Amino acid sequence: MTLLSADASGLTPADYGGIVTKPVEALSVAYLTGTKVMTNARSYRIPILVSDVAVGAVAEGAEITPSDADFDELELIPAKFAGLTIASRELVDDSNPSAADQLGKSIARQIANSVDNALFNTLGGANPAGFSALAGISTVAAPVAYSNLDPFEEAVSKSEANGGRITAWVTGAATALEIAKLKDQTDSNRALLNQDLTADGRRTILGRPIVVSPYVPADIVYGISKDDFLVVTREDTRLDVDRSAYFSSDRIGVRGTMRVAFAMPVAGAHVRITNASA
């Protein structure tokens with residue numbers, strides 16, 4: 001973290017970078033469902049294996065025919081996400097950690113929301129490309145109204161066929177509620193979904209948790225393979241404090257920035273389930 005201020009005694013400890021990064025990681029669906037990768041570089045390169053080394057049975061003493069593995073490369077430049085909050089001078093100067101935590105949470109909510117919005121929607125501009133623009137993602141067509149978990153079984157199968165392993169489902173609140181109302185049989189009050197006993201109130205589909213995000217479009221469920229979804233984070237997260245911009249009102253601007261990019265090297269490992277009505 002880099003802190004820029006002529007006088008910001010309430011926000012000087014070196015570990016205050018955590019009031020931006022840690023809350024974002026706790027709030028953002030991207031970090032909850034993906035694999036975090038840190039980088040110091042402006043760009044991050046991911047090698048992608050296009051074809052394997054040729055291997056076959058060889059007679060004893062016979063020459064082994066050499067072959068090469070073919071690689072492609074995915075280059076990412078983390079996009080800057082920024083949040084700004086305005087606070088009274090008394091609040092910022094307060095050395096009580098709870099005051100700093102509130103500022104950090106305020107900034108983190110803005111950044112986390114922006115990151116997840118980019119992850120599930122095609123926004124263009126400086127935003128990184130996410131699942132909505134992912135070419136080659138596996139797809140499953142679901143009925144207008146869910147009656148069973150067959151679309152999810154199909155999604156798991158398609159992910160596995162591409163070397164993936166779905167670890168979480170992400171959808172909007174309305175779709176999550178529709179699926180949660182499914183019963184195990186006609187005239188039964190027993191829910192078809194399982195409860196995750198390790199998390200209060202967390203529902204699971206086929207043993208995988210359901211994560212709700214307001215940024216997933218209606219009637220869509222994503223099956224995400226954690227090992228095949230990289231959240232590339234640049235390490236120069238900053239927290240800047242400025243006392244001059246709001247001088248007349250005796251307030252202080254506190255700005256947090258993170259640089260994030262998404263990488264899905266094996267697109268088919270992830271699945272988009274879409275209702276027929278969508």
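Visitor: Which residues line the second largest pocket, and which element gives the most to that lining?
Guide: In this predicted model, the second largest pocket has a volume of about 150 Å³. Its lining consists of Leu27, Val29, Leu32, Thr33, Thr167, Ala168, Arg202, Pro209, Ile210, Val211, Val212 and Lys226. Helix 2 (29–33) and strand 9 (208–212) are the elements that give two or more residues to this lining. The most, four residues, come from strand 9.

Visitor: How many residues in the lining of the second largest pocket are charged?
Guide: The lining of the second largest pocket divides by residue class into eight nonpolar and two polar residues, with the remaining class being charged. Arg202 and Lys226 are among the lining residues, and Arg and Lys count as charged. The number of charged residues is two.

Visitor: What is the make-up of the lining of the largest pocket, and how many of its residues are nonpolar?
Guide: The largest pocket has a volume of about 190 Å³. Of its 15 lining residues, Leu76, Pro128, Ala129, Gly130 and Phe262 are the closest to the centre. Strand 3 (70–76) and strand 12 (251–263) each give two or more residues to the lining, and strand 12 gives the most, with three. The lining has no charged residues and two polar ones, and the nonpolar residues number 13.

Visitor: Where does aspartate 250 lie, and is this residue buried, partly exposed or exposed?
Guide: Aspartate 250 is in the loop between strand 11 (230–242) and strand 12. Its phi is positive, about 55 degrees, although the residue is not a glycine. Most residues other than glycine have a negative phi. Because its relative accessibility is 35%, aspartate 250 counts as partly exposed.

Visitor: Which loop holds aspartate 219, and what is the phi of this residue?
Guide: Aspartate 219 sits in the loop between strand 9 and strand 10 (220–224). This residue is not a glycine, yet its phi is positive, near 65 degrees.

Visitor: What span should helix 5 have, and how far apart are its end C-alpha atoms?
Guide: Helix 5 covers residues 150–161, which is 12 residues. At 1.5 Å a residue, the helix should span 16 Å. This agrees with the distance between its end C-alpha atoms, 17 Å.

Visitor: Which residues of helix 6 are exposed?
Guide: Helix 6 (residues 173–180) has Thr175, Ala176, Ile179 and Ala180 buried. They cover an arc of only 135 degrees around the axis, so they lie on the same side of helix 6. Exposed on the other side are Ala173 and Ala174.

Visitor: Which residue of strand 13 is the bridge partner of alanine 141?
Guide: Strand 5 (residues 138–142) has a covered face of Ser138, Val140 and Ala142, while Thr139 and Ala141 form the uncovered one. Strand 5 runs parallel to strand 13 (residues 271–275), and five bridges join them. The partner of alanine 141 is threonine 274.

How values were computed. Residues are numbered from 1 along each chain as its sequence is written. This is a predicted model: local features need pLDDT of at least 70, side-chain atom pairs count only at pLDDT 80 or more; totals for chains, interfaces and linings use all residues. Side-chain values use heavy atoms; hydrogens and water are left out. The expected span of a helix is 1.5 Å times one less than its number of residues. Buried means under 20% relative accessible area, exposed over 50%, partly exposed in between (1.4 Å probe, protein chains only). Two strands pair if DSSP finds at least two bridges between them. On a 1 Å grid over the protein atoms alone, a cavity is a set of points where a 1.4 Å probe fits but cannot get out, and a pocket is an open set with protein on both sides within 12 Å along at least five of seven lines; lining residues have an atom within 4 Å of a point. Grid points are joined across faces, edges and corners, and a volume is the space filled by probe spheres set on the points. The arc is that of the directions from the helix axis to the C-beta atoms.
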